[in-house]
Amino acid sequence: MREKWTGELTVEQCCSRAAATRAYARYPLKLVLPSKVACSGIDAVWVYLVTYGGGIVSGDSISCKVSVGDHCTLVLTTQSSTKIYKAVQGKFSEQVFKALVAKDALLVMMPDPVTCFAAAKYKQIQHFFLSLDANLVLVDWFTSGRRERCEVWAFESFRSTNNVYLDGNPVFLDTMNLEQDVSLPISSRLQDFHSVAMLVIYGPRLSSIRKRIEERVGSQCEEAVRKKKHRSSTHGRLLCSFSSFGPSDAGLVVRVAAVETELIYDFLKQELAELSDLIGAPPYYGK
Amino acid sequence: MKLSRPSVTQCTGLAFRMDLPAKKSQGSDWVVWQLVDSFFPTGGFAHSYGLEAAVQAGLVSDSKSLDTFIKSTLENSGSLLLPFVSASFKLPDVAGWIELDRLLNATLSNHVARRASSSQGSALLRTAATVYPDLAELGELRGVVRAGRASGHHAGVFGIVCGLLKLDALTCQRAYLYLTLRDVLSAATRLNLVGPLQAAAMQQSLRGFGEAVVRKCADRGVEDACQVSPLLDTAQACHDHLFSRLFCS
């Protein structure tokens, strides 16, 4: 395993409240810990992961190790979308993330999307090690690129790995790999869609949120496959579905694709709205 | 006038693996033909690889989008499942196969694909155990699946069956991609997206793409298994919400 992390964060119970007992970061990563995000009465630590320049350049690797102690709640988010600049000499931009989530703890990872510029090469590896009754909300998403500059699905390579282990056993091993290929360009695979997201929900504290997400996503999914409207217009188009995973189908993964990034922001705000009771503020508020 | 015999390369149009054995035994040819024959009862034709859902979601509506769908499905099969075919082909023991099956279960996060995979895998295991009763390991694997100690996912079963039958590794992987193409085109025909003649022509025209996928993905490790089509993955998970369904997945 790696020897030196770009960032290290530990959240533990201190005087009956969750607190960051270690928050180390070196260039190009910065950890911002605002104290007044969660409303009073909700015990949650919020941390913004910020990269200098708002993105990751070719050849840079940013690694972060996070530990969420027993009964603690940690929210990890970003200030804006993560930009991935074009690859120079074929070098990848890389992010590596490892999280340990302890007993009855909750980790909510809800970043803005990754936006790869034309000719960018990006890979991210995110591993989540959950104790048996730990809880996880994970959002991982990306856009087609800088549309305003007519860069649409114009990156060279995008690879995102999200692995979830429960008590050491793999329960969710997902890697999405999009590579440009002359015979099957990325744009042909994504059609008119410009934003793709994945939402993973796991843990006993999230069971009622999960149930309502299933109901709403199920109806939206049904509407999308039964209505003929989509055949003539792509306006406002969003496709979503969900699957269970893991022992006793305890985990939920929701997949979404939309023609506009704003539609997925709205989707996430709606589906995760009830999370504000656990984290002290509405997810993606103001975004 | 004397006609010169065409070379292997000219016959097949392929220019790779020039180190293929000069002559395979007739026995193994028959085994491979039987494995990829639609007559071999493994229930492949109950599944559409997400094509039915993709059509109803408006992602496949003409021959161009169908061509993209099939290529994406082949690429996905190669990237996500071929590593498991390859790994289980090399496996010597049941314990290793159970572990691989567990990893594949965690990798198949799409519940529709996961369900199709274990259903087809179990059917293949049952048929192979009947056709090759001398391969005691197959009976053992069936017992493990029945006891709930493994899901019996298709890629893992296909690989170990080929390994036990002593086929060569590359043939096994090519056959797996061949089956994918066979089943998707069969589904496309039954969904009335193409006629049978056109489907046969597509099967030929996509051969080069399929072989290129095998070349790219052959012998990759399972830790490198990945999916390549988020849109089709999203649509496939909608399968249970379709109003009317011809296929199980």
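This is a tour of a predicted model, stop by stop, with what to select at each one.

Local features are reported only at pLDDT of at least 70 and side-chain atom pairs only at pLDDT 80 or more, while totals for chains, interfaces and linings use all residues. Residues are numbered from 1 along each chain as its sequence is written, chains are lettered from A and ligands numbered from 1 in the order in which they are written, and side-chain values use heavy atoms, with hydrogens and water left out.

**Stop 1: strands of chain A**

Select residues 7-14 of chain A, which form strand E1. Strands (E, at least two residues) and helices (H or I, at least four residues) are DSSP runs, numbered from the N terminus. Two strands count as paired if DSSP finds at least two bridges between them.

**Stop 2: the interface of chains A and B**

Show both chains and select the residues in contact, meaning heavy atoms within 4.5 Å. There are 41 residues from chain A and 34 residues from chain B. The two chains bury about 3,100 Å² between them, 56% of it on carbon and sulfur atoms; buried area is the accessible area (1.4 Å probe) that two parts lose on being put together, summed over both. Of the area that chain B buries against chain A, Pro230(B), Leu231(B) and His241(B) supply 20%, more than any other three residues.

Next, pick Arg255(A) and Asp233(B). They form a salt bridge, with the closest N and O atoms 2.5 Å apart. The rule (a side-chain nitrogen of Lys or Arg within 4 Å of a carboxyl oxygen of Asp or Glu) finds three salt bridges across this interface.

On the side of chain B that touches chain A, several helices supply at least two residues each, among them H4 (63-89), H6 (111-131) and H12 (230-236). H12(B) gives the most, with five residues.

**Stop 3: Ser109(B)**

Select Ser109(B), in the loop between H5 and H6 of chain B. Buried means under 20% relative accessible area, exposed over 50%, and partly exposed in between (1.4 Å probe, protein chains only). Ser109(B) counts as buried because its relative accessibility is 4%. Leaving aside neighbours within four places in sequence, Ser109(B) is in contact with residues including Phe172(A), Asp174(A), Arg255(A) and Arg114(B).

**Stop 4: Val171(A)**

Move to Val171(A), in strand E15 (residues 169-179) of chain A. Val171(A) is buried, with a relative accessible area of 8%. Beyond neighbours within four places in sequence, its contacts include Tyr165(A), Phe245(A), Pro247(A) and, from the other chain, Ala106(B). Phe245(A) lies 74 residues away along the chain, yet the C-alpha atoms of Val171(A) and Phe245(A) are separated by 7.1 Å.

**Stop 5: helix H8 of chain B**

Finish with residues 154-164 of chain B, helix H8, where eleven of eleven residues are buried. Among them are His154(B), Phe158(B), Cys162(B) and Leu164(B). Lys166(B), which follows H8(B), has a positive phi near 60 degrees.
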